[in-house]
Amino acid sequence: MTHPENAAEFLKDAQKSKWHDETLWFVRDKRDKVSKGIPEWEQLRELASGIKDNVLANLASYLEEFERNATKNGIIVHWAADSEEHNRLVLEILQKQNCTAVVKSKSILTEECHLNPYLEKQGIEVVDTDLGERIVQFLNQPPSHIVLPAIHLKKSEISELFHEKLHTEKGNEDPVYLTQAARVHLREKFFGAKVAITGVNFGIAETGEFVVCTNEGNADMGVHLADVHIACMGIEKILPRRKDLAVFLRLLARSATGQPITNYNSHFRSPSPAKEIHIILVDNGRTAQLARDKFRSSLKCIRCGACMNTCPIYRRSGGFSYNSTVPGPIGSILSPGLDLKKHSSLPFASTLCGSCTDVCPVKINIHEQLYEWRQEVTKTQDDFAKGLSMKLANGIFKSPLAYKISGSLMRNALKSLPNSLIYHPLNVWGKNRNLPDPPKESFQQWYQKNRL
Amino acid sequence: MNSREKILSAIRSLTLEPKTLPDIPNFSNPGNLVERFTQSISDSKGEVMTKSEFEAWFSAAGFSKVISLSSRFSELATLSLPEDPHDLESLEVAILDGQFGVAENGAIWLEDTELGLRALPFATEHLVIVLDRKMLEDTMHQGYEKIAAAHSGFGLFLAGPSKTADIEQSLVIGAQGAKSLRVVLV
C-alpha cells in the first residue's frame with residue numbers, strides 16, 4: 001500500500017483524524033513556547049548540528065574510543081552488522097541467563113530490527129514497558145509515533161482494550177484509572193524479570209557511558225531490578241564528550257514534547273556488583289547511509305519527533321500511513337535508504353514546506369533530502385501518465401504560439417469539461433483537491449489592458 | 001572478517017570531509033536560582049518545600065515503610081537499605097540527598113553514593129530529595145562542568161515524579177516509578 005492509500009484509510013474517521021491533527025499541533029506549539037524561553041536556542045541547534053557533523057566525520061575512531069572505555073568500565077560490547085545479528089546476540093544473552101521473560105523500554109532500534117516477533121518465536125515473552133508501547137503491543141500494532149506511540153488511539157479504545165487484557169471496569173475511560181491499572185500490571189513484570197532491554201539516547205566516547213531518557217521511569221525500573229541489562233544502540237548515537245550531553249539534553253525534550261527535560265536521564269557507566277551490562281552497537285544500513293553524500297546528515301537525528309508534530313502531512317495521515325518504523329519526515333528520508341522500492345511513495349508524502357527542517361534540533365535539511373529522494377525515485381521508476389504530460393508540456397512551452405493557443409483552450413475546456421475527465425484516476429493531484437475557477441483571460445491579455 | 005571489523009572498515013573506506021568539533025560556550029541566564037529551580041520542579045509536577053513543611057507533611061501521612069539515606073533525616077527511617085532491590089516493592093518513602101540541582105529544568109544529580117541501590121528512587125512510592133540551596137546551578141552546561149571528572153557507575157539527572165501522557169495526551173503522575181517528588185531545600 002502506498003502512503004496516499006494508507007492516508008485515505010486514516011482519514012475515513014474524520015473526527016479522530018481531526019483530533020490527531022490538533023493534538024500534535026498542540027505539542028508543536030508547546031515546543032515553540034519552551035524554546036522561546038532559551039535565548040541561545042538557535043546557537044544550541046547550531047552546536048548540536050556541528051557536534052553531530054564531527055561525529056559522522058570521525059565515526060570509526062569515536063566508536064573505538066567508546067568501546068575501549070566501556071570495556072574498561074566492565075560493560076560488555078557487541079557489534080551487529082544487521083538486524084539478524086542483533087536479534088541473535090540478544091537471544092544468546094537471554095539463553096545464557098535461562099531467561100524466558102524480558103522487559104523492554106522504548107527502543108526504535110529494536111522495532112527496526114523486529115526483535116519482539118523474533119524473540120516470541122523462540123518462546124520468550126517480551127513486555128514493552130512504556131505505557132504507550134504496552135498499549136500498542138496489546139493490539140499487535142507497531143507504535144505510530146516515535147515519542148507518542150499510541151497517539152492514534154482514543155481513550156475509549158484503550159479502556160476497552162484494558163478491560164479485555166487487564167480486567168479494568170468496563171466503560172471506565174479515566175486516564176488516571178487506566179494508568180494505575182497499567183502500573184500494577186507492569187510493576188509485577190518489572191519485579192519478575194531477570195533481563196531488561198533498553199534503547200540508548202546517547203553513547204559517550206570519552207567516558208564509555210550511555211544515557212537513557214524516559215518520563216515514566218520504566219527503563220530504570222527494568223534494568224535496576226534485573227540481573228542483566230542489554231542496551232541496543234545504533235552506531236550513530238555517539239557523542240564525543242560528556243559535556244556535549246548538556247547541549248543535547250537541553251534540546252531533546254524541549255523539541256519532543258515541550259518540557260524542559262525528561263524526568264529521568266540515566267547515565268550507565270558500569271554495572272552494579274554481580275550484575276551485567278551488555279551494549280550492542282548496530283549498523284543495519286547506517287554505514288550505507290553514511291556513504292550517501294546527500295543523505296548522510298539524516299544520521300544526525302536524535303529521535304525527538306518534532307518533525308512529525310509539525311508536519312501537515314503526518315498530522316493528517318497518521319503514523320501508520322508511512323508503513324515504516326520511523327514515520328514522518330525523518331522516516332521518509334531514512335527508510336528509502338533501507339528499501340527504496342518499498343518506501344518509494346514516502347518522499348512524496350510532503351508539501352516540501354520546510355517546517356520539519358525549521359524545528360529539527362540538529363538542523364537536518366529534511367525537506368531538501370525529501371526532494372533529493374524524489375529524484376532518486378523517479379530515476380528508478382517511470383511514471384507513465386506524468387511522463388506523457390511532461391513531454392506534452394515541454395512541446396507547448398517551447399513554442400509561444402502553441403502556449404497561447406493551449407492557454408485559451410484550457411481556460412475554456414476547464415469550464416465545460418465533465419468532472420470525470422478532469423478528476424481522472426490518473427490525475428492523483430485531483431484527489432480531494434478542487435481546481436480554482438479558471439481565469440477569464442491570460443496574464444498577457446490582462447497586462448495589455450492594465451499596464452500603465 | 002567479524003562484524004566489528006566489517007563496520008569499522010566500511011566507515012574507514014569513505015572519504016569524508018573533516019569537521020571540527022565545536023567548543024561549547026558557557027551559556028548562562030542569570031537570575032534568582034532558587035526561584036527558577038522551584039518553578040522548574042513545579043512545572044515537572046514535583047514540589048519544592050522547606051524543612052518544616054516537609055516534616056509537617058511527613059508526620060501527617062504516617063508512613064510505616066521509610067528508607068532514609070539522608071544524614072539530615074536519618075531518624076525518619078523505619079527500614080534499612082536491603083541488599084536485594086526486589087525488597088523495595090512495597091516501600092512507601094525514600095529520602096535521599098541530592099548533589100546539586102539545575103535551575104533551568106529542575107534536574108537533580110544523584111550518583112551511586114547517594115542512591116545506595118540504583119532502583120531506590122524509581123521503586124519507592126514517594127521520593128524525597130534533600131538539597132542544599134547553595135548547590136544550585138544555572139543550566140545543564142554548569143551541571144556537566146561540575147561532574148566532568150566524577151566517576152560513578154551510575155548517575156541520574158532526575159527532574160520529577162514518574163509521569164505519562166500516553167492516554168490521549170492527558171498528563172498522569174505516577175506511571176511506573178515514584179508517584180511523587182518532594183525536594184526539601186535546606
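Author: Start with a helix pair. Helix α4 of chain A, residues 59–72, packs against α1(B). Their axes lie 8 Å apart, at an angle of about 150°. Angle and axis distance are the two values used to describe packed helices in general. Keep in mind that this is a predicted model.

Who touches whom? On the α4(A) side, the residues are Leu59(A), Ala60(A) and Leu63(A). They meet Leu8(B), Ile11(B) and Arg12(B) of α1(B). By class, this contact has five nonpolar residues, one charged residue and no polar ones.

Now widen the view to the whole interface. On chain B, 61 residues are in contact with 67 residues of chain A. Several elements of chain B give two or more residues to this side. The helices are α1 (3–12), α2 (33–43), α5 (120–123) and α6 (140–146). The strands are β8 (154–158) and β9 (163–164). The largest share comes from α1(B), with eight residues. The chain B side as a whole has 28 nonpolar, 20 polar and 13 charged residues.

Strands also join the chains. Strand β9 of chain A, residues 264–268, pairs with β8(B). The sense is antiparallel, over five bridges. One bridge links Tyr264(A) to Leu158(B).

Follow that chain A strand inward. Phe268(A) is one of the contacts of Phe210(A). Phe210(A) itself is found in strand β6 of chain A, residues 210–214. Phe210(A) counts as buried, because it has 26 C-beta neighbours inside 10 Å and the cut-off is 20 or more. Beyond four places in sequence, its contacts also include Val200(A), Phe202(A), Ile204(A) and Met233(A). Ala70(A) is 140 residues away from Phe210(A) along the chain, yet their C-alpha atoms are separated by 9.0 Å.

Two loop residues of chain A deserve a check. Ala274(A) sits in the loop between β9 and β10 (276–282). Its phi is near 70°, a positive value in a residue other than glycine. Ala274(A) is exposed, with 6 other C-beta atoms within 10 Å. Asn98(A) lies in the loop between α5 (83–96) and β2 (101–104). Its phi is also positive, near 50°. Asn98(A) has 8 other C-beta atoms within 10 Å and is exposed.

Next, the domains of chain A. The assignment gives domain 1 as 1–37 + 296–381, domain 2 as 59–284 and domain 3 as 393–450. The C-alpha centres of domain 2 and domain 3 of chain A lie 55 Å apart.

Back to chain B, and its sheet. Five strands form an open sheet in the order β1-β11-β6-β3-β2, with parallel pairing. At the edges stand β1 (47–49) and β2 (66–68) of chain B. Each has a single partner strand, so one side of each is left without a neighbour in the sheet. Neighbouring strands are turned by 20° against each other on average, direction ignored.

Inside the sheet, β3 (residues 93–97) and β6 (residues 126–131) of chain B pair in parallel over five bridges. Ile95(B) has Val128(B) as its bridge partner in β6(B).

Helices cover this sheet. Helix α3 of chain B, residues 51–61, packs on it, touching β1, β6 and β11. Its direction makes about 140° with that of β11(B). Then there is α2(B), which lies across β1 and β11 (180–185) of chain B. It runs at about 140° to β1(B).

Definitions and conventions:
Residues numbered from 1 in each chain as written. Chains lettered and ligands numbered in written order. Predicted model: local features only at pLDDT ≥ 70, side-chain atom pairs only at ≥ 80, totals over all residues. Domains from an automatic or database assignment. Contact = placed C-beta atoms within 7 Å. Helix = DSSP H or I, 4+ residues; strand = E, 2+ residues; numbered from the N terminus. Nonpolar A, V, L, I, M, F, W, Y, C, P; charged D, E, K, R; others polar. Pairing = 2+ DSSP bridges. Buried ≥ 20, exposed ≤ 12 C-beta atoms within 10 Å, placed from the backbone. Axes fitted to C-alpha atoms, helices over the stretch in contact; angles between N-to-C directions.
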